[in-house]
Amino acid sequence: MKVTRVAVLVSGGGSNLQALIDNQRPKVKLQIAKCSNESLWGKLQNYKISLVISNNPEAYALERAGKAGIETLILTDKKYKNRLEYAKALVKELKKRNIDAVCLAGFMLILHPYFVRNFKNRVLNIHPALLPRFGGEGMYGHHVHEAVLKSGVKESGCTVHFVDEGCDTGPIILQKKVRVRKGDTPDTLAKRVLKYEHIAYPQALKLFASGKLKIKGKKAKIEK
Ligand code: GRF
């Protein structure tokens, strides 16, 4: 099986990046690592984090990538005259490295449609709520959890979805639910949701990399 080369776009702490890094190889990696047979390695590893791009030079995610021996790139949007030029620069760097898929993991910029069109159905994002509710512009970080608590819903969770040209509107790949507890604050809820994000994102990426996801209209279906 071909290894899917993944780039992760980050802006901050990168705990989701860490989860993607930690899960990119099966548990048998130690035995296999001793064997230099590349084709065998390729059969067992269905995605590989090959590049991490940050728009923020201070992002701790860059350190995480460095520790894991992953190439990093800082591309600050402020250096480009508009969102389109920034998107073009990103696409150029990704194509240069034969990147197959892109994961947004706490990337704080909304990508220009040019980017999405160039990686159609190959850009994934994780959102800390159960979409389609509590998504859209302005719904990031603590704003999401505040809105969830304010609404009085009993459940929250996280969603991994494909990125389309809208904001948090692409086909949903998978969701994990968590209970909202009495006395929850945006912080306590965020922490509980984040634990499930770290499970959901690698699962979704493995499904993608194994070719099991098919997009039909607005839905992503898992083929058995
Ligand atoms: C996560 O809550 C994710 O859902 C959202 O941004 C946050 C990133 O956290 N898109 P981290 O940088 O991965 O720790």
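Q: Let's start with one side chain: is Lys88 buried, exposed or partly exposed?
A: The general idea is a scale of relative accessible area: under 20% is buried, over 50% is exposed, and in between is partly exposed (1.4 Å probe, protein chains only). Lys88 counts as partly exposed because its relative accessibility is 35%.

Q: Before we go on, what kind of model is this?
A: This is a predicted model, in which local features need pLDDT of at least 70 and side-chain atom pairs count only at pLDDT 80 or more, while totals for chains, interfaces and linings use all residues. Residues are numbered from 1 along each chain as its sequence is written, and side-chain values use heavy atoms, leaving out hydrogens and water.

Q: Thanks! Where is the place of Lys88?
A: Helices (H or I, at least four residues) and strands (E, at least two) are DSSP runs, numbered from the N terminus. Lys88 sits in helix 5, which covers residues 83–96. Its C-alpha atom is separated by 11 Å from that of Asp77, 11 residues apart along the chain.

Q: How many helices and strands does the protein have, and how compact is it?
A: It has eight helices and nine strands. The C-alpha trace spans about 55 × 45 × 35 Å along its principal axes, and 46% of the 224 residues count as buried.

Q: What can cysteines tell me, and how many disulfides are there?
A: A disulfide is a pair of cysteine sulfur atoms within 2.5 Å. This structure holds zero disulfides. The cysteine sulfur closest to that of Cys103 is in Cys158, 14 Å away, so it is too far for a bond. Cys103 is buried, with a relative accessible area of 0%, and Cys158 is also buried at 0%.

Q: Which residues does His161 touch?
A: Contact means heavy atoms within 4.5 Å. Leaving aside residues up to four places away in sequence, His161 touches Val123, Leu124, Asn125, Leu131, Asp168, Gly170, Pro171, Ile172 and Ile173. His161 belongs to strand 6 (residues 155–162), and at 2% relative accessibility it counts as buried.

Q: What should I look for in the backbone angles?
A: Most residues other than glycine have a negative phi, and most peptide bonds are trans. One case to look at here is the cis peptide bond joining Leu131 and Pro132, with omega about 10 degrees. Pro132 lies in the loop between strand 5 (123–127) and helix 7 (142–151).

Q: Which phi value does Asn121 have, and where does Asn121 lie?
A: Asn121 is not a glycine, yet it has a positive phi of about 60 degrees. Asn121 is placed in the loop between helix 6 (113–118) and strand 5, and it counts as partly exposed at 34% relative accessibility.

Q: And what is phi near in Asp168?
A: Phi of Asp168 is near 65 degrees, again a positive value in a residue other than glycine. Asp168 is in the loop between strand 6 and strand 7 (172–179). With 17% relative accessibility, Asp168 counts as buried, and Asp168 is one of the residues that His161 touches.
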